[in-house]
Structure formats: C-alpha cells, structure tokens
Amino acid sequence: MATQKIIKWYYTNLKFNNWDLYIAVSDQGVTFVSSNHKGFSELEYWQKKKGLNIVLVADQEQKTAEVVTQLTEYLAGKRTTFTLPFDFIGTLFQQKVWREVAKIPYGKTTCYSDIAQKIGHPRAVRAVGTAIGNNSMTIIVPYHRVLGKNNTLRGYRGGMEMKASLLQLENIW
C-alpha cells in the first residue's frame, strides 16, 4: 500500500494597518490567504478541508516573503496585480473558475454568469458560485470583484465588510 505524500504548507501571519491575514504557500506557490481577522483556525480548517496529507509549518525560511510583500503593497494601494505562482487544490472545474477569476483586472468587477460564460459553461452559474466559495485564496484570487446581477454584493467567505473594504480600496464601491 502506497503512503500519501506529505505536503508542507509554510505559513505566516501578516498584520498591516487594519488587516490581519494568515498566508500559506507550498513549494508550488500560494495556496491560502485567510479572511481578515479570522485567525489561525481558518488556516487549519482549510488544511483539513483539502483532504490531503498537509502539514502546517511556521515559515522560518522566508518562503512566504514575496506573498507578504505583494499583499502589503496591494493593501497600501501601491500594487494592482499579483505576480505569484498559485498552487490550486481543487477539481478541474474549480481550478478553471479560479484561473478565470484571477484574470479580473484591478478596479473592475464581473458577475457569476460572465465567469460561467468565459469558462464555457454558461448554464453553470450556481456551480461557479460554489467554486468561488471554495477558493482558499482571498484577495490574490480576487473573488471580491465578482458581484451578483445588477452589481449587488453577494456572499463572501471573509464577510461582506471585508468584501466592501476591498472594493473600496480599488475605488469600485
């Protein structure tokens, strides 16, 4: 019987102004950015939710340094794009949705049905919404830029206050 490979997620806590985020990276790229002020328990929840043999390791090697730098620049209003590798852990459909969401430009919004159309599944609007809700990387995969029809705020893992704050930061809301 083959044993499951151990995957290390290196994590750190980013505190900047009113933001308190946990970040995790694997050897392949960014894999997790928490909701604001949700604490370490949210990271543990996502680690278990992925169903893999993931071990959380406090980042002593600066593996999260570039993510921290880019997120801090974004939160300070000095960065509009992220140039980080992603380590998406999800179904092929989810990964397709997340890649499409990652393309939404700074300061712009789209809706769930547009994402469904762009990935070639125009009738899968609810499935797109579910996939977006299963994205473990807030801010970096900017699903705060996905709104309901008529530009209405819809659910957000970090809560509506966090979503509105990010939209305000980008002068959208």
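Figure 1. Two strands pair if DSSP finds at least two bridges between them; helices (H or I, at least four residues) and strands (E, at least two) are DSSP runs, numbered from the N terminus. The model is predicted, so local features need pLDDT of at least 70 and side-chain atom pairs count only at pLDDT 80 or more, while totals for chains, interfaces and linings use all residues. Residues are numbered from 1 along each chain as its sequence is written, and side-chain values use heavy atoms, with hydrogens and water left out. β2 and β3 run antiparallel and are joined by 3 bridges. Phenylalanine 32, in β3, is the bridge partner of alanine 24.

**Figure 2. The whole chain.** The protein chain has 6 helices and 6 strands, in the sequence pattern β-β-β-α-β-α-α-β-α-α-β-α. Its radius of gyration (taken over C-alpha atoms) is 16 Å, close to the 16 Å that the globule rule (2.2 Å times the number of residues to the power 0.38) gives for 173 residues, so the chain is as compact as a globular protein of that length. Along the principal axes, the C-alpha atoms fill a box of roughly 50 × 45 × 25 Å. Of the 173 residues, 47% count as buried, meaning under 20% relative accessible area, with exposed over 50% and partly exposed in between (1.4 Å probe, protein chains only). Contact means heavy atoms within 4.5 Å; among contacts between residues at least 6 apart in sequence, 59% join residues at least 24 apart.

**Figure 3. The nonpolar cores.** A nonpolar core is a set of buried Ala, Val, Leu, Ile, Met, Phe, Trp, Tyr and Cys residues joined through side-chain atoms within 4.5 Å. The largest has 35 residues, of which Leu21, Leu71, Val97, Val101 and Ile139 touch the most other members. Two or more residues of this core come from each of β1 (7-16), β2 (19-25), β3 (30-33), α2 (65-75), α3 (92-102), α4 (112-118), α5 and α6 (160-169). Apart from residues up to four places away in sequence, leucine 71 touches Leu14, Leu21, Ile23, Val33, Phe82, Ile139 and Ile140. A second, separate core has 9 residues, including Tyr22, Phe32, Leu43 and Trp46.

**Figure 4. Helix α3 and its cover.** Gln94, Gln95, Val97, Trp98, Glu100 and Val101 are the buried residues of α3. Their cover includes α4, α5 and β6.

**Figure 5. Histidine 144.** This residue is found in the loop between α5 (125-133) and β6 (146-147). Histidine 144 is buried, with a relative accessible area of 0%. Beyond its neighbours within four places in sequence, histidine 144 is in contact with Tyr74, Ile139, Tyr156, Lys163, Leu166, Leu167 and Glu170. With tyrosine 74 there is a side-chain to side-chain polar contact (3.5 Å); a polar contact is a pair of N or O atoms within 3.5 Å, where within protein one must be able to donate a hydrogen and the other to accept it, and residues adjacent in sequence count only if both atoms are side-chain atoms. Tryptophan 98 lies 46 residues away along the chain, and its C-alpha atom is separated from that of histidine 144 by 12 Å.

**Figure 6. Serine 136.** The loop between α5 and β6 also holds serine 136. Serine 136 has a relative accessible area of 5% and is buried. Not counting residues up to four places away in sequence, serine 136 touches Thr31, Phe32, Val33, Trp46, Lys50 and Arg157.
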